[in-house]
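Have the structure open beside you as you read.

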Amino acid sequence: MKTNIRKYLIYFFGALGGLLYGYDTGVISGALLFINNDIPLTTLTEGLVVSMLLLGAIFGSAFSGTCSDRWGRRKVVFVLSIIFIIGALACAFSQTVTMLIMSRVILGLAVGGSTALVPVYLSEMAPTKIRGTLGTMNNLMIVTGILLAYIVNFLFTPFEAWRWMVGLAAVPAVLLLIGIAFMPESPRWLVKRGREDEAKRIMKITHDPKDIEIELAEMKQGEAEKKETTLGVLKAKWIRPMLLIGVGLAIFQQAVGINTVIYYAPTIFTKAGLGTSASALGTMGIGVLNVIMCITAMILIDRVGRKKLLIWGSVGITLSLAALSGVLLMLGLSTSTAWLTVVFLGVYIVFYQATWGPVVWVLMPELFPSKARGAATGFTTLVLSAANLIVSLVFPLMLSVMGIAWVFMIFSVICLLSFFFALYMVPETKGKSLEEIEASLKQRFKRKNNRQSRVLNERTS
């Protein structure tokens with residue numbers, strides 16, 4: 001019983017960085033309604049306040065993966081939790097636009113670091129048969145953090161207390177700092193460092209006894225076959241297609257428009273004619289849907305598979321945004337279409353959070369070899385944060401220039417492109433160990449490279 005409790009604590013605290021990411025990205029949606037009362041914002045500075053978190057996230061993603069490959073996942077989580085606390089308190093006490101923007105950059109360092117590290121940690125801690133389910137815990141914590149932010153926004157909206165909204169992010173950050181005591185190091189990282197006995201002790205907590213020796217043997221064999229450095233692995237030709245797939249997943253996860261809904265939902269609903277309280281309530285409803293559908297994804301991902309979920313998700317988000325855009329183009333944005341906007345965005349959330357939201361976080365660390373998993377996942381997460389930055393920065397400008405109907409039409413086209421990407425590019429990884437995925441992708445892409453080289457030689461000879 002004690003072993004089970006510790007196992008669940010490991011999983012909970014391992015994923016807690018995701019909750020902080022969700023809270024810090026979601027809370028700004030409510031805070032934006034009142035920051036202007038204390039700190040005057042223009043359209044440009046409003047976009048900067050939102051997006052500079054993501055600029056910090058780019059740097060956090062870039063360094064956390066490499067640092068965790070070198071010093072271990074646990075030590076990096078400890079540093080990130082301290083940065084979370086500093087960033088949250090700095091935001092709450094900001095007196096000028098510059099101070100607020102810089103505080104958001106600091107907070108972004110921790111957001112990006114946790115975004116890159118949490119999926120890797122959960123993926124490496126999980127037994128093969130539940131890796132997909134456990135991997136979705138990161139997204140469940142993200143959407144739970146977003147919902148928590150929406151609830152806090154709703155509670156503090158009558159008082160216009162935006163400083164309390166952003167400052168309360170320090171509370172789960174302190175909890176994460178305490179949780180370090182319950183988090184062991186990743187067994188795969190320990191095996192890579194030759195600490196097999198320590199890895200085995202940790203696996204006794206998280207794995208079935210009959211599976212430990214099998215998975216441990218796979219880890220050891222995988223490490224024995226690797227003679228390349230991390231940089232050498234990342235430069236290898238056979239890994240480039242995996243990196244391209246990871247980059248594509250990262251870009252599409254953000255480019256389909258999810259964070260425009262997360263960041264600007266109250267703004268969208270207010271423009272649609274809802275009052276401030278009704279907008280906060282509608283946004284909170286979207287937060288509840290986020291959590292429910294993420295739990296649904298946890299149930300489906302190891303049964304249905306990653307690829308199928310992405311394909312069906314693309315169909316759903318394309319149709320929901322296209323329908324919303326069509327309604328707004330025909331009827332306009334008004335009180336009569338306000339709740340239709342809520343409904344269509346709700347349908348969009350249902351499909352996104354059951355598919356693209358959690359599945360990408362599971363797939364990204366699965367695609368990469370263990371020697372470079374932290375660095376490669378960090379790189380793709382950097383791309384994800386950059387895509388998030390671009391979308392969130394240009395959305396207010398697009399909204400003011402083009403109107404909400406045409407903005408959502410553009411996003412629906414991007415959603416359609418994500419369908420073809422998932423159909424033709426994404427491999428299925430369901431039911432395979434990380435070592436089996438690595439071996440099969442390595443063989444597949446090496447064979448493809450050899451075939452292309454042979455064809456090129458035939459043409460030039």
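In which helix is L176 found? L176 is in helix α7, which covers residues 170-179; helices here are DSSP runs of H or I with at least four residues, strands are runs of E with at least two, and both are numbered from the N terminus. Before going further, note that this is a predicted model, where local features need pLDDT of at least 70, side-chain atom pairs count only at pLDDT 80 or more, and totals for chains, interfaces and linings use all residues. Residues are numbered from 1 along each chain as its sequence is written, and side-chain values use heavy atoms, with hydrogens and water left out.

Back to L176. With a relative accessible area of 3%, L176 is buried (buried means under 20%, exposed over 50% and partly exposed in between, using a 1.4 Å probe and protein chains only). Leaving aside neighbours within four places in sequence, L176 is in contact with F13, L16, G17, L20, V77 and S81, contact meaning heavy atoms within 4.5 Å. Take F13: L176 and F13 sit 163 residues apart in sequence, yet their C-alpha atoms are 6.4 Å apart in space.

The protein chain has 20 helices and zero strands, and 59% of its 461 residues count as buried.

Next, look at S103 in helix α4 (residues 97-125). S103 is buried too, at a relative accessible area of 5%. A polar atom of the S103 side chain lies 3.3 Å from the backbone oxygen of A90. Beyond its neighbours within four places in sequence, S103 is in contact with G87, A90, C91 and S94.

Now for a helix pair. Helix α17 (residues 356-366) and helix α18 (residues 373-402) pack at an angle of about 140°, their axes 9 Å apart. Axes are lines fitted to C-alpha atoms, for helices over the stretch in contact, with angles running from 0 to 180 degrees between N-to-C directions. The two helices α17 and α18 are therefore oblique to each other, since under 35 degrees counts as roughly parallel, over 145 as roughly antiparallel, 65 to 115 as roughly perpendicular and the rest as oblique. On the α17 side the contact is made by W361, M364 and P365, and on the α18 side by R373, T377, T380, T381 and L384.

Finally, the cysteines: C294 counts as buried at 0% relative accessibility, and C415 is buried with a relative accessible area of 0%.

Definitions and conventions:
Polar contact = N/O pair within 3.5 Å; in protein donor to acceptor, adjacent residues only side chain to side chain.
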